[in-house]
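This report describes a protein chain and the ligand placed with it.

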Amino acid sequence: MGRPFGKGKKSKATRRLPLHLEHSRGRSQAIRLVLEPMRVADVEEVTALDRLCFPEEAWPAALYRSELGDELHCLYLVVRIADDHRPGSVVANAGCRLYGDQAQITTIATNPEWRRHRIAEWLLLHLLRAVRDAGVTTVTLEVRESNAAAQGLYRKHGFVVADRVTGYYEDEAALVLALFDLDDPHVWQRLQVGLQHVG
Ligand SMILES: CC(C)(COP(=O)(O)OP(=O)(O)OC[C@H]1O[C@@H](n2cnc3c(N)ncnc32)[C@H](O)[C@@H]1OP(=O)(O)O)[C@@H](O)C(=O)NCCC(=O)NCCS
């Protein structure tokens, strides 16, 4: 049976991208990213990112604040540019909610300028690790039927189509994707290999 998130969910990780920032004096520096729990102070930046990524379905700030207030059942993560002196800009975010031994991924988005660097994959795998540690066995989410990018991300990590809901979005059906048997060591081992690759 699942249990609420404990202190162990506060995962933090860093990753170096094979990309360089050019500096004024001709030097360049590898870009470092940090993945960490979303803070209330991030909400404004995250909602701006949502408006960019989900123009019709962006969450209002109040909804994020309410989710962040329910620490036992919600986990929201951001990826930001690492900065030694202050929190760097948020480039992606993702979150999920626990319902006993099930979890629902509620959002995942990467700034269009930062896509295809395995950032969403990094977030997804961290969420899956956290919910598995909380005793979750099944993870679900809804995705637009036309959203090939998101479906590709989830399918890559073993999600399958569990249902189709006509009219879920105003203009389109949703696919319900599910990852089953997260407590199965074989399923987890495959995800762990992914996590090792991505950071
Ligand atoms: C879906 C989204 C989060 C992916 O973000 P991302 O950081 O670019 O994704 P990643 O680089 O981690 O991609 C991981 C895998 O996802 C799949 N994928 C990502 N973008 C894809 C695309 N445009 N087309 C097809 N597959 C894609 C691939 O399998 C990829 O693995 P690969 O690099 O080995 O091919 C991003 O496109 C986005 O923010 N879209 C708008 C918001 C949205 O639709 N969110 C999902 C709601 S359910």
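Ala 149 is exposed, because 11 other C-beta atoms lie within 10 Å. The terms are set by counting the other C-beta atoms, placed from the backbone, within 10 Å of a residue's own: 20 or more make it buried, 12 or fewer exposed, and counts in between partly exposed. Ala 149 is found in helix H4. Between the C-alpha atoms of Ala 149 and Arg 86, which are 63 residues apart along the chain, the separation is 32 Å.

The model is predicted: local features need pLDDT of at least 70, side-chain atom pairs count only at pLDDT 80 or more, and totals for chains, interfaces and linings use all residues. Residues are numbered from 1 along each chain as its sequence is written.

## Overall fold

The protein chain has 5 helices and 8 strands. These elements are DSSP runs numbered from the N terminus, with helices (H or I) of at least four residues and strands (E) of at least two. Their order from the N terminus on is β-β-α-α-β-β-β-α-β-α-β-β-α. The radius of gyration of the protein chain is 17 Å, close to the 16 Å that the globule rule gives for 199 residues, so the chain is as compact as a globular protein of that length. Here the radius is taken over C-alpha atoms, and the rule is 2.2 Å times the number of residues to the power 0.38. Along the principal axes, the C-alpha atoms of the protein chain fill a box of roughly 55 × 40 × 30 Å.

Of the 199 residues in the protein chain, 27% are buried. Among contacts between residues at least 6 apart in sequence, 58% join residues at least 24 apart; a contact requires C-beta atoms, placed from the backbone, within 7 Å of each other.

## Core and helix H3

The largest nonpolar core holds 45 residues, and Leu 77, Val 79, Leu 123, Leu 124, Leu 127 and Val 131 touch the most other members. Helix H3 (residues 119–133) gives the most to this core, with 10 residues. Such a core is a set of buried Ala, Val, Leu, Ile, Met, Phe, Trp, Tyr and Cys residues joined through C-beta atoms within 7 Å.

Leaving aside neighbours within four places in sequence, Leu 124 is in contact with Ala 94, Ile 108, Leu 153 and His 157. His 126 lies in helix H3 and is buried, with 23 other C-beta atoms within 10 Å. With the neighbours within four places in sequence again set aside, His 126 is in contact with Ser 11, Ala 13, Leu 35 and Leu 77. The C-alpha atoms of His 126 and Gly 199 are separated by 9.3 Å, although these residues are 73 apart along the chain.

## Ligand shell

Which residues are closest to the ligand? Of the 21 residues that surround the ligand, the closest are Thr 110, Arg 115, Ala 120, Gly 152 and Leu 153. Strand S5 (102–110), H3, strand S6 (138–144) and helix H4 (148–156) each supply at least two residues of the shell. The largest share, 6 residues, comes from H4. By class, the shell has 12 nonpolar, 4 polar and 5 charged residues.

## Strands and loops

Strand S7 (residues 160–169) is hardly covered, as the count of buried residues among its 10 residues is 0. A hairpin joins S7 to S8 through 2 residues. Strand pairs, which need at least two DSSP bridges, include the following.

| Strand pair | Sense | Bridges |
|---|---|---|
| S7 and S8 (residues 172–179) | antiparallel | 6 bridges |
| S6 and S8 | antiparallel | 6 bridges |

In S8, Val 176 is the bridge partner of Asp 163, and Ala 174 is that of Val 165. Val 143 stands opposite Leu 175 in S8.

Most residues other than glycine have a negative phi. Arg 116, in the loop between S5 and H3, has a positive phi near 65°. Arg 116 is exposed, with 8 other C-beta atoms within 10 Å. Asp 181 has a positive phi near 60° and is placed in the loop between S8 and helix H5 (185–198). Asp 181 is exposed, with 12 other C-beta atoms within 10 Å.

Definitions and conventions
Contact = placed C-beta atoms within 7 Å. Near = placed C-beta within 6 Å. Nonpolar A, V, L, I, M, F, W, Y, C, P; charged D, E, K, R; others polar.
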